[in-house]
Amino acid sequence: MRRSPVKPKSLYRELTMTLIAVVSMVAIVVGVLEYVYAVQRQAAQFDRAVERYETDLHQLLELPLWNVDDALVEKIGSAISTNADLAFVAIRDENERIIYRHGKQDGELITRDIMIKHHG
């Protein structure tokens with residue numbers, strides 16, 4: 001039996017393969033870190049938007065709810081419902097009676113309950 005001659009491994013090939021592996025690993029790590037950072041940034045933006053909505057809703061609805069002005073609460077509710085960021089809006093009084101409702105509740109939505117208390 002005749003053996004085929006063994007070719008010595010090329011240094012160029014080994015360096016190329018090592019470089020490819022290192023660059024790939026760095027790219028993967030950078031991609032994962034960038035994804036984590038983007039998710040955190042979006043979560044922070046979402047939280048700031050929710051805080052703005054809470055503040056606005058509190059200011060808009062405090063007196064009409066306190067004065068039991070259901071007609072004005074419904075007008076405010078329909079104005080709020082035009083916001084594309086809000087998929088579902090339900091405004092209840094202190095007895096949990098629904099004064100205004102718009103949209104369809106979906107189990108996949110992120111929900112926030114906002115308690116509005118009258119100051120003074």
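User: What conventions apply here?

Analyst: This is a predicted model, in which local features need pLDDT of at least 70, side-chain atom pairs count only at pLDDT 80 or more, and totals for chains, interfaces and linings use all residues. Residues are numbered from 1 along each chain as its sequence is written, and side-chain values use heavy atoms, with hydrogens and water left out.

User: Why is V68 called exposed?

Analyst: Exposed means over 50% relative accessible area, buried under 20% and partly exposed in between, with a 1.4 Å probe and protein chains only; V68 has 59% relative accessibility and therefore counts as exposed. V68 lies in the loop between α1 (11–66) and α2 (70–80), where helices are DSSP runs of H or I with at least four residues and strands runs of E with at least two, numbered from the N terminus. Although V68 is not a glycine, its phi is positive, about 50°.

User: What makes α1 roughly antiparallel to α2?

Analyst: The two helices pack at an angle of about 160°, with their axes 9 Å apart. Angles under 35 degrees count as roughly parallel, over 145 as roughly antiparallel, 65 to 115 as roughly perpendicular and the rest as oblique, so α1 is roughly antiparallel to α2.

User: Which residues of α1 and α2 make the contact?

Analyst: With contact meaning heavy atoms within 4.5 Å, L57, L60, L61, P64 and L65 of α1 meet L72, V73, I76 and I80 of α2.

Conventions. Axes fitted to C-alpha atoms, helices over the stretch in contact; angles between N-to-C directions.
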